[in-house]
Amino acid sequence: MTNLIRKGDGQPIRDAMRAAGLSGPALSAATKKVDPRGKGVSPAAVGFITGRGISAQDRCRLRTAWLIADALGVALQSLFAMPTASTDTVER
């Protein structure tokens, strides 16, 4: 499964949340509305992805990143970057 890396230690996500007027729990609820399955992203996961402290996480699954970007109405690439190629998967 592909994991994406949040840009700028999550600052672009926090900026987009501020622009949309959404708190962490409100963003979680918004992801449920855009999720075809209706599950969305948990408030805890949103906290980890948007956080700044030691519990903050730089990586998340593609689906999680997609739902967050969609709920915020911004391009996925403005919030998350693809990881660099692993030497395990590069043909030699």
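**Figure 1. Alternating side chains along strand β1.** In strand β1 (residues 3-6), Leu4 and Arg6 point to one face and are buried, where buried means under 20% relative accessible area with a 1.4 Å probe, protein chains only. Strands (E, at least two residues) and helices (H or I, at least four residues) are DSSP runs, numbered from the N terminus. This is a predicted model, in which local features need pLDDT of at least 70 and side-chain atom pairs count only at pLDDT 80 or more, while totals for chains, interfaces and linings use all residues. Residues are numbered from 1 along each chain as its sequence is written, and side-chain values use heavy atoms, with hydrogens and water left out.

**Figure 2. The open sheet of three strands.** The strand order is β2-β1-β3, with antiparallel pairing; two strands pair if DSSP finds at least two bridges between them. Because β2 and β3 stand at the edges, each with a single partner strand, one side of each has no neighbour in the sheet.

**Figure 3. Partners of β1.** Three bridges join β1 to β2 (residues 59-61) in the antiparallel sense. Across this pairing, Asn3 stands opposite Arg61 and Ile5 opposite Arg59. Strand β3 (residues 80-81) pairs with β1 over two bridges, also antiparallel, and here Arg6 stands opposite Phe80.

**Figure 4. The buried face of helix α3.** Val46, Ile49 and Thr50 are the buried residues of α3 (residues 43-50). Seen down the helix axis, these residues fall within an arc of 85 degrees and so line one face of α3; the arc is that of the directions from the helix axis to the C-beta atoms. The buried residues of α3 pack against β1, α1 (11-20), α2 (24-34), β2, α4 (62-72) and β3, contact being heavy atoms within 4.5 Å.

Technical notes:
Buried means under 20% relative accessible area, exposed over 50%, partly exposed in between (1.4 Å probe, protein chains only).
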